[in-house]
Amino acid sequence: MLEAGPDSPPRPSSSSTARLPRKGRIRAVSSELSAPWRPLRRMSREETEKLPQVLARIGASHGITDLACKLRVYDDWAPEYDQDVAALKYRAPGLAVDCLSRAFRGPPHGALILDVACGTGLVGVELQARGFLQVQGVDGSPEMLKQAQARGLYHRLSLCTLGQEPLPNPEGTFDAVIMVGALSEGQVPCSAIPELLRVTKPGGLVCLTTRSNPSNLPYKKALEATLDSLEQAGEWERLVAQPVERWELATSEQETGLGASDGFISGIIYLYRKQERAQGEGGRPSVQAPVDH
């Protein structure tokens, strides 16, 4: 459900290539898959005044590793969630959907999309803006689902705690599955990633995000090991691994880490295509130049 960054950053350079800890040589992905640069709006006075309270709330959420406790936090947070993440300049939903839509084959309006950990529906808003109209959502928080339902964008919304139960869909249902902001400690476990693949059609897309702040690095390492193992097994092929420098505002100085930019933490977007058929060897890894230098 969560993750965002300063006004009018310079356009990303296509000349640099970031690297993930993988075996073999990593090549740059085609520039046509890169997310478009967007200027970031300035905070309103009200957002600026509320920022310390927002940072405290988000920081406390990041520190909760028990899933049941975290879901209760999200239930309580649901009415203020959208305005709080706006104060963080939260733009991960837009960046992730841009990445997905640029790789999508065919017209979007008839494609069946699953928004996993949909929260209040911020990803659904971005999907509709790009022509994806057949969207379903799942989330573990009933109150978050109420907020999503109020938007009127989802054809179906289901209560599901991924990692504790399977998704309520048959195998090979969706043209694309997207999960933004839920891959961190105390939310969706890495062990649930194959379930996303299960409900994706052969040749379909899976788009994922996670944070790269210091406290999330152990989870990110485990996540990438899971993603890599599925690729080596021939289950999917990586299309994009796109680092983003200004992901969301850091909740503390400790969270900025080395190389942080103007008080923001970094994150990353992954995009995979499910194999049409099982392969004897892994797919071809690729990585994208960072956004927001």
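1. At what angle do helix α4 and helix α5 pack, and how far apart are their axes? In this predicted model, helix α4 (residues 92–103) packs against helix α5 (residues 122–129) at an angle of about 40 degrees, and their axes are 9 Å apart. The arrangement of α4 is therefore oblique to α5. The two helices cross in the right-handed sense.

2. The contact between these helices can be described residue by residue. On the α4 side, Pro93, Gly94, Val97 and Leu100 take part, and they meet Leu122, Val123, Glu126 and Leu127 of α5. By class, the residues of this contact comprise six nonpolar, one polar and one charged.

3. The strands form an open sheet of seven, ordered β4-β3-β2-β5-β6-β8-β7, in which the pairing is mixed. β4 and β7 (236–249) are the edge strands, each of them pairing on one side only. On average, neighbouring strands of the sheet are turned by 15 degrees against each other, with direction ignored.

4. At the β4 end of the order, strand β3 (residues 134–139) pairs with strand β4 (residues 156–159) in the parallel sense, over four bridges. Within this pair, Gly137 has Leu157 of β4 as its bridge partner. A right-handed β-α-β unit is made by β3, helix α6 (residues 142–151) and β4. Helix α6 lies across both β3 and β4, and its direction is at about 175 degrees to that of β4.

5. Which strands does α4 lie across? Helix α4 lies across β5, β6, β7 and β8 (264–274), and runs at about 25 degrees to β8.

Definitions and conventions. Residues numbered from 1 in each chain as written. Predicted model: local features only at pLDDT ≥ 70, side-chain atom pairs only at ≥ 80, totals over all residues. Heavy atoms only, no water. Axes fitted to C-alpha atoms, helices over the stretch in contact; angles between N-to-C directions. Parallel < 35°, antiparallel > 145°, perpendicular 65-115°, else oblique. Left-handed = near helix turned anticlockwise from the far one by under 90°. Contact = heavy atoms within 4.5 Å. Nonpolar A, V, L, I, M, F, W, Y, C, P; charged D, E, K, R; others polar. Pairing = 2+ DSSP bridges. Right-handed = clockwise from strand over helix to strand, strands pointing away.
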